[in-house]
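Student: I am new to this structure and would like a close look at one part of it. Could you take me through that part slowly, and then show me what surrounds it?

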Amino acid sequence: MFELDVRSRKPIYEQLTDKIKEMILYSILRPDEQLPSVRTLSAQLTVNPNTIQKAYRELEREGYIYSRAGKGSFVSPAQQGTNAVKRAEVREELLRLMVEAVYLGFTGTEIGELFKQALEKKGEGDQT
């Protein structure tokens, strides 16, 4: 389910956080689906349970998951209102990247094709 690169300069908890976000964004993990317990995932990845807990806390802080006492962690349903801050952050980052792309010579057509590819990837995730 998860593959981590122990030789990467990126901390393990960030790799895990990014991987779970990716799985949520591509609809591999569905709203209200339960994530593996900290203990289970720790044993599966041979990673310290505190590292898994740190990743889960970060995901919860960002609104990607929610926790229920005694039950575990679950994927949060996407809600427009609660994601407003995250949407603003992504919008700023996209604008910055688009300005850089234009500077590097990307055309409007090429940028449009990238957007279509993103929609196709999202669609592929919905089918699994």
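Which residues does threonine 17 touch, not counting residues up to four places away in sequence?

Tutor: Leaving out residues up to four places away in sequence, threonine 17 touches Ala55, Glu58 and Leu59, where contact means heavy atoms within 4.5 Å. Before we go on, please keep in mind that this is a predicted model, in which local features need pLDDT of at least 70 and side-chain atom pairs count only at pLDDT 80 or more, while totals for chains, interfaces and linings use all residues. Residues are numbered from 1 along each chain as its sequence is written, and side-chain values use heavy atoms, with hydrogens and water left out.

Threonine 17 belongs to helix 1; helices (H or I, at least four residues) and strands (E, at least two) are DSSP runs, numbered from the N terminus. With a relative accessible area of 4%, threonine 17 is buried. Here buried means under 20% relative accessible area, exposed means over 50%, and partly exposed lies in between, using a 1.4 Å probe and protein chains only.

Now let us look at the helix around this threonine. Helix 1 runs over residues 12-25, and its 14 residues should span 20 Å at 1.5 Å a residue; the C-alpha atoms at its ends are 20 Å apart, which agrees. The expected span is 1.5 Å times one less than the number of residues. Besides Thr17, the buried residues of helix 1 are Gln15, Leu16, Ile20, Lys21, Met23 and Ile24. An α-helix has 3.6 residues a turn, so residues three or four places apart point the same way. The partners of the buried residues in helix 1 are helix 2 (38-45), helix 3 (49-61), strand 1 (65-68) and strand 2 (72-75).

Not counting residues up to four places away in sequence, glutamine 15 touches Leu4, Asp5, Ser8 and Lys10.

Leucine 16, counted in the same way, touches Phe2, Leu4, Leu41, Leu45, Ile52 and Ala55. Leu16 is also among the residues with the most contacts inside the largest nonpolar core, together with Ile20, Ile52 and Tyr56; this core has 18 residues. A nonpolar core is a set of buried Ala, Val, Leu, Ile, Met, Phe, Trp, Tyr and Cys residues joined through side-chain atoms within 4.5 Å. At least two residues of this core come from each of helix 1, helix 2 and helix 3.

Lysine 54, in helix 3, lies over the face of tyrosine 13 at 4.2 Å from the ring centre. For such a placement, NZ of Lys or CZ of Arg must be within 6 Å of the ring centre and within 35 degrees of the ring normal. Lysine 54 and tyrosine 13 are 41 residues apart in sequence, yet 6.6 Å apart in space from C-alpha to C-alpha. At 39% relative accessibility, lysine 54 counts as partly exposed.

What happens just after helix 1? Serine 27 takes a positive phi of about 60° there, in the loop between helix 1 and helix 2. This serine is buried, with a relative accessible area of 10%. The loop between helix 1 and helix 2 also holds aspartate 32, whose phi is near 70°, a positive value in a residue other than glycine. Aspartate 32 is partly exposed, at a relative accessible area of 44%.

Finally, let us step back to the whole protein. It has 5 helices and 2 strands, and along the sequence they follow the pattern α-α-α-β-β-α-α. Of its 128 residues, 23% count as buried. Among contacts between residues at least 6 apart in sequence, 52% join residues at least 24 apart. A search of the whole structure finds 1 aromatic pair: the rings of tyrosine 66 and phenylalanine 74 have centres 5.6 Å apart and planes at 20°, so the pair is stacked. Rings of Phe, Tyr and Trp (its six-membered ring) pair if their centres lie within 6.5 Å, and planes under 30 degrees apart count as stacked, over 60 as edge-to-face and the rest as tilted.
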